[in-house]
Amino acid sequence: MPSVSDRLEFGPPRDPASPRAFALAMLVHVLLIAALTWGVNWKRTDRASSFEAELWSSLPQEAAPRLVETAPAPPPPPPPPPAPAPREVKVAPPAPDVDIALEQEKKRKLLKQQKEAEEEQAQEREQRLQDKQKAELQAKKEKEKEKEKDKAQQAKEELAQRKVLEDAKKAEAKKQDAKEQAQQKLAQAAAEKQRQQNIDRIAGLAGATGGAEAKGSAQKSSGPSAGYAGKVRAAVKPNVIFTDDISGNPKAEIEVRTTLDGSIVSQRLVKSSGDKAWDEAAIKAVIRTGTLPRDVDGRVPTPMILEIRPRD
């Protein structure tokens with residue numbers, strides 16, 4: 001069994017005691033105790049408290065009697081010590097802190113001024129905000145008015161453009177109608193000329209008896225009787241319907257073509273009276289008549305020109 005010395009031989013070496021470390025530890029402990037002591041004394045010190053104390057003398061005592069020489073008696077017990085008089089502690093009343101009152105008054109006035117200034121600033125901000133809102137609203141209204149004005153001007157311009165285009169279309173239509181009517185008249189005139197030439201050619205072939213300068217289409221000259229015009233007037237007049245006022249007594253000349261029995265097959269205005277309403281009324285009267293009367297020889301001349309006046 002190994003001994004203790006053998007075991008220590010193989011153990012870790014001991015650190016040698018260091019005096020310097022010991023002294024440093026003692027210094028640290030002393031400084032710590034001093035700091036704690038100073039902290040406790042600092043907490044217990046009251047620099048703001050002040051008091052004053054007066055000490056009075058002890059209470060008056062009566063003198064002892066003169067000693068008579070007698071047999072010595074046992075000494076009396078010593079009187080108890082007098083109770084110490086209570087010490088009156090006069091605490092000086094705290095002097096009014098004028099500086100603190102003045103400082104508080106200054107702070108109160110300063111706070112009041114700050115509050116008034118903040119209220120005034122708030123009112124100014126509110127007023128500026130209201131003015132800004134009013135200005136924005138006014139600008140918005142002005143902008144809307146300007147838009148409405150622009151819209152009205154645009155609509156007016158568009159209306160004027162449409163009117164110009166419509167007028168141009170109407171003028172073009174009138175021009176086209178006039179051109180068509182002119183072409184139609186030319187075509188009718190050419191057809192009438194051709195028809196007349198055909199009639200002349202046929203009449204010549206049938207042995208017409210007219211001269212070289214004759215313009216008729218009959219084989220021989222003939223015409224209505226003297227009273228036939230009155231018969232035609234009497235047949236057409238009742239069919240005239242015209243209530244408008246008209247100046248003068250204009251004459252409308254209408255070419256009428258009939259069949260052998262007098263039925264009207266066509267009518268055409270060959271000369272206007274100058275009043276369109278009367279021209280239309282005369283043509284409608286011929287249409288309403290429908291059939292012309294026969295002449296004394298039993299025939300109905302065709303074609304014939306009817307002269308119709310409103311006051312005949």
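## A salt bridge to start with

The side chains of Glu192 and Arg195 come together in a salt bridge, with 2.4 Å from N to O. The term salt bridge stands for a side-chain nitrogen of Lys or Arg within 4 Å of a carboxyl oxygen of Asp or Glu. Side chains of opposite charge can pair when their charged atoms come close. Glu192 and Arg195 are three residues apart in helix 3 (residues 98-205), so about one helical turn separates them. Glu192 is partly exposed at 29% relative accessible area, and Arg195 is partly exposed at 28%. Here, buried means under 20% relative accessible area, exposed means over 50%, and partly exposed is in between (1.4 Å probe, protein chains only).

This is a predicted model, in which local features need pLDDT of at least 70 and side-chain atom pairs count only at pLDDT 80 or more, while totals for chains, interfaces and linings use all residues. Residues are numbered from 1 along each chain as its sequence is written, and side-chain values use heavy atoms, with hydrogens and water left out.

## The overall layout

The protein chain has five helices and five strands. Following the sequence, they come in the pattern α-α-β-β-α-α-β-β-α-β. Helices (H or I, at least four residues) and strands (E, at least two) are DSSP runs, numbered from the N terminus. How much of the chain is buried? Of the 312 residues in the protein chain, buried ones make up 10%.

How many salt bridges does the structure hold? There are nine. In one of them, the side chains of Glu255 and Arg268 meet at 3.1 Å, N to O. Glu255 belongs to strand 3 (residues 252-258) and Arg268 to strand 4 (residues 264-271), so this pair ties together parts that are 13 residues apart in sequence. Glu255 is buried, at 12% relative accessible area, whereas Arg268 is partly exposed, at 36%.

Arg299 and Asp297 also pair through their side chains, at 3.0 Å from N to O. Both are partly exposed: Arg299 has 47% relative accessibility and Asp297 has 42%. Through salt bridges that share partners, Glu192, Arg195, Glu255, Arg257 and Arg268 are joined into one network.

## A nonpolar patch on the surface

Leu24, Leu27, Val28 and Leu31 form a nonpolar patch on the surface, and together they have about 400 Å² of accessible area. Patches are made of residues with over 30% relative accessible area and no salt bridge, where like charges are joined within 9 Å and nonpolar side chains (Val, Leu, Ile, Met, Phe, Trp, Tyr) within 5 Å. The accessible areas come from the Shrake-Rupley method with a 1.4 Å probe, and for residues only the protein chains shown count as cover. Val28 sits in helix 2 (residues 19-44) and is partly exposed, with a relative accessible area of 49%.

## The second largest pocket

Rolling a probe the size of a water molecule over the atoms shows where empty space is left. The second largest pocket holds about 390 Å³ of space. Its lining has 16 residues, and the closest to the pocket centre are Ala229, Val232, Arg233, Leu306 and Glu307. On a 1 Å grid over the protein atoms alone, a pocket is an open set of points with protein on both sides within 12 Å along at least five of seven lines, and lining residues have an atom within 4 Å of a point.

Which elements each supply at least two residues of this lining? They are helix 4 (228-236) and strand 5 (304-308). By type, the lining divides into 10 nonpolar residues, one polar and five charged.

## Loops and a cis bond

Most residues other than glycine have a negative phi, and most peptide bonds are trans. The peptide bond from Thr302 to Pro303 is cis, with omega near -5 degrees. Pro303 lies in the loop between helix 5 (276-289) and strand 5.

Leu292 is also in the loop between helix 5 and strand 5. Leu292 is buried, with a relative accessible area of 3%. Its C-alpha atom is separated by 6.9 Å from that of Ala235, although Leu292 and Ala235 are 57 residues apart along the chain.

Asn249 has its place in the loop between helix 4 and strand 3 and is partly exposed at 29% relative accessible area. Asn249 and Ser273 are 24 residues apart in sequence and 8.9 Å apart in space, C-alpha to C-alpha.

Notes:
On a 1 Å grid over the protein atoms alone, a cavity is a set of points where a 1.4 Å probe fits but cannot get out, and a pocket is an open set with protein on both sides within 12 Å along at least five of seven lines; lining residues have an atom within 4 Å of a point. Grid points are joined across faces, edges and corners, and a volume is the space filled by probe spheres set on the points. Ala, Val, Leu, Ile, Met, Phe, Trp, Tyr, Cys and Pro count as nonpolar, Asp, Glu, Lys and Arg as charged, and the others, Gly among them, as polar.
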